[in-house]
Structures are given as structure tokens and as C-alpha cells.
Amino acid sequence: MERILVLNGPNLNLLGERDSTHYGTKTLAEINEELDGKASELGVELVLYQSNHEGDLIDKIHSERKRCRGIIINAGALTHYSYAIRDALEAIALPVIEVHVSDITRREEWRRESVISPIARGVVIGKGWIGYIEALEELVSYLRGGAGKD
């Protein structure tokens, strides 16, 4: 069975408590439950991981690089400046789909640029929690020979 790593960065453990106008009301546990359900439908296994620490996220990328076939990542604020996470993702050469619950292109100036997007196969922005489902479907389609970003 194909394994996919789903990474969530800093403060995403507070989904459901944070500003609902940007982040909705679902908790990360609820999103993970929805993702697990969709993964079952698609016949894939998920490795779900959240950390508030950049190094922990990098260590997880490294440790799963030979066990997983792709990565879905919402790096939170690290999206905008963590070249270390970008380098880790680029080094392992797995397909990456970047996800953001809120529309980072319409938020504060510092949130508008992602250092991860240029190396991602796809980016899902501003679709709320359902963006994770879309990212999973897109990644699984790509892994199985479907269309995707070139």
C-alpha cells in the first residue's frame, strides 16, 4: 500500500481554536480523521505528523523518505522563510503538495510568498480543511500516473 506523509507545522495544532475567519472551525484531529477516511477510499496509508519545531519536521521528512511515496505539507509560518524545510523536501525528491487552509495571497504581506511552492508539484490555497482532501486526491492521482504539475 502506498504511504503518504502529511506534515503540519507550527500552530496548526491549534486549528479549531485560532481565528475561524482564516482557519475555520475544524480541529487538526478532525481534519486528520477526514483525511484517513479519504485515504481508505483511495487505498493509501497516511503518516500524520505535526510539530511546532522546524528540526522535528525536517527529521520526519528524512526518516520517512524511503517509506513514503509523496508528501502533503502545511508548514504554517515556516512556509515563508524555512529554506531548511525546502532543502529537505528538495533533497529527497518525492512529489510534494503544499496546502494552506487560508488564502495566503490575500493576507499580510509577509505571508504572500512561499519558499516551498517553487519545488512543489501542486499548491492548494484558501480552500479550508477541504484543501487537504484535494491535495491527497491530487497526489494519489499523480502517483498513479494521472495529471499533475510539470
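Residues are numbered from 1 along each chain as its sequence is written, and side-chain values use heavy atoms, with hydrogens and water left out. As the model is predicted, local features need pLDDT of at least 70 and side-chain atom pairs count only at pLDDT 80 or more, while totals for chains, interfaces and linings use all residues.

Helices (H or I, at least four residues) and strands (E, at least two) are DSSP runs, numbered from the N terminus. Helix H2 (residues 28-42) packs against H5 at an angle of about 25°, and their axes are 10 Å apart; axes here are lines fitted to C-alpha atoms over the stretch in contact, and angles run from 0 to 180 degrees between N-to-C directions. That angle makes H2 roughly parallel to H5 (under 35 degrees). On the H2 side, the contact (heavy atoms within 4.5 Å) involves Ile31, Glu34, Leu35, Lys38, Ala39 and Leu42, and H5 brings in Tyr132, Ile133, Leu136, Glu137 and Val140.

Glycine 126 sits in the loop between strand S5 (122-125) and helix H5 (130-143). Glycine 126 is partly exposed, at 38% relative accessible area (between 20% and 50%, with a 1.4 Å probe and protein chains only). Leaving aside residues up to four places away in sequence, glycine 126 touches His100, Val101, Ser102 and Asp103. Its C-alpha atom lies 25 Å from that of serine 40, 86 residues apart along the chain.

As for the rings, lysine 26 lies over the face of tryptophan 129, 4.7 Å from the ring centre (the rule asks for NZ of Lys or CZ of Arg within 6 Å of the centre and within 35 degrees of the ring normal).

Terms used:
Angles under 35 degrees count as roughly parallel, over 145 as roughly antiparallel, 65 to 115 as roughly perpendicular and the rest as oblique.
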